[in-house]
Amino acid sequence: MEETITKESKWKNEEEEEAKIQIYKYVFGFAEAAVIKCAIELKIANVIESHGRPTMTLSQLSTALNCSPPHLFRIMRFLTHRGIFREETTPENLIAYSQTPLSHMLINVAPLLLLENSPEIVASWHNLSAKLKNSYNNNENSDLVVPFEVAHGKDIWSYGARNPGFNRMFNEGLGCNARVITLPAILENCGDIFNGVESLVDVGGGNGTTLSVLVKAFPWMKGINFDLPNVVSTSEKYDGVEHVGGNMLDFVPKADAAFFMLKSLDQLVIEIVYITASGLLDADTLKSVK
């Protein structure tokens, strides 16, 4: 009996010690995203990539970035531990760093990472409990409670219209997601759905990145990038793409098909393209994807 109690006590102590370790991971959980954001802002991967040699010493990297070597070493130690960069030792016994597939990806998805780790978006996550509390209290307006609006007092589109810096970052982030992640999957697996489509309107197309890729892949197709006026007014010009400002609940420019992209849900995107290509786009459909 006494031996059993001793074993149970030992297991309990081990579980408590493990809990202490785990809880600190949550206490400092923000640090990982902060260090990765730091790496993007310093353009560490870009500098190593353009160095011209497979590796770059700590001294060379700190000089190129104009950073303190000891502080940079701590950042790089964190990043190499997570496999983002590779640490090596030169024949001269110097610390050096090289790229990995993950650091290459860091360059490609930098706009998306900066958006998701921006103060505006992070503040939304800190108001997640407001959504849950309204749902639990059976508030008839619970579906209208959006964490971003709780944090900033307005919806993300209105906020973007009044904050050009965030508006640009938001559209660059979504464009990055489309270019690097979503569109390659669509083009590889179901690109034939665009056969016969001579004109395509991208509803909520942001800065036009999505259409620029699609028009390049299907050069016979004319693209119409449709979004709010404050969004398209700052969009880059692309060959074969016309930018049109407006609200989809008021009108949608005429085209053979309409394209929606909602949170990278490829199946939903493809389904809506089929519906609209069949001429079945109506006000109820638009409101359901708002």
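Student: What makes Glu 17 and Lys 20 a salt bridge?

Tutor: In this predicted model, the closest N and O atoms of Glu 17 and Lys 20 are 3.3 Å apart. The cut-off for a side-chain nitrogen of Lys or Arg and a carboxyl oxygen of Asp or Glu is within 4 Å, so the pair counts as a salt bridge. Side chains of opposite charge can pair when their charged atoms come close.

Student: Why are Glu 17 and Lys 20 separated by about one helical turn?

Tutor: Both sit in helix α1, three residues apart. An α-helix has 3.6 residues a turn, so residues three or four places apart point the same way.

Student: How do you know whether Glu 17 and Lys 20 are buried, partly exposed or exposed?

Tutor: Glu 17 has a relative accessible area of 44%, and Lys 20 has 49%. Buried means under 20% and exposed means over 50%. Both values lie in between, so Glu 17 is partly exposed and Lys 20 is partly exposed.

Student: How many salt bridges does a search of the whole structure find?

Tutor: The search finds four. One of them joins the side chains of Arg 82 and Glu 32, at 3.1 Å from N to O. This pair links distant parts of the chain: Arg 82 lies in the loop between α5 and β2, and Glu 32 lies in helix α2, 50 residues apart. The C-alpha atoms of Arg 82 and Glu 32 are separated by 9.4 Å. Arg 82 also touches Leu 102.

Student: Why are Arg 82 and Glu 32 called partly exposed?

Tutor: Arg 82 has a relative accessible area of 36%, and Glu 32 is at 38%.

Student: How do you know which side the buried residues of α5 are on?

Tutor: The buried residues of α5 are Leu 72, Met 76, Leu 79 and Thr 80. They cover an arc of only 95° around the axis, which puts them on the same side of α5. The face turned away from that side carries the exposed residues Pro 70, His 71, Arg 74 and His 81.

Student: What covers the buried residues of α5?

Tutor: The cover includes the helices α2, α3 and α4 and the strands β2 and β3.

Student: Why is Ser 212 called buried?

Tutor: Ser 212 has 18% relative accessibility. The cut-off for buried is under 20%, so Ser 212 counts as buried. Ser 212 is found in helix α13, and it touches Tyr 238 and Val 241, leaving aside residues up to four places away in sequence. The buried residues of α13, Ser 212 among them, pack against α12, β4, β5, β6 and β7.

Technical notes. Residues numbered from 1 in each chain as written. Predicted model: local features only at pLDDT ≥ 70, side-chain atom pairs only at ≥ 80, totals over all residues. Heavy atoms only, no water. Helix = DSSP H or I, 4+ residues; strand = E, 2+ residues; numbered from the N terminus. Buried < 20%, exposed > 50% of the residue type's maximum accessible area, 1.4 Å probe, protein only. Contact = heavy atoms within 4.5 Å. Arc of directions from axis to C-beta.
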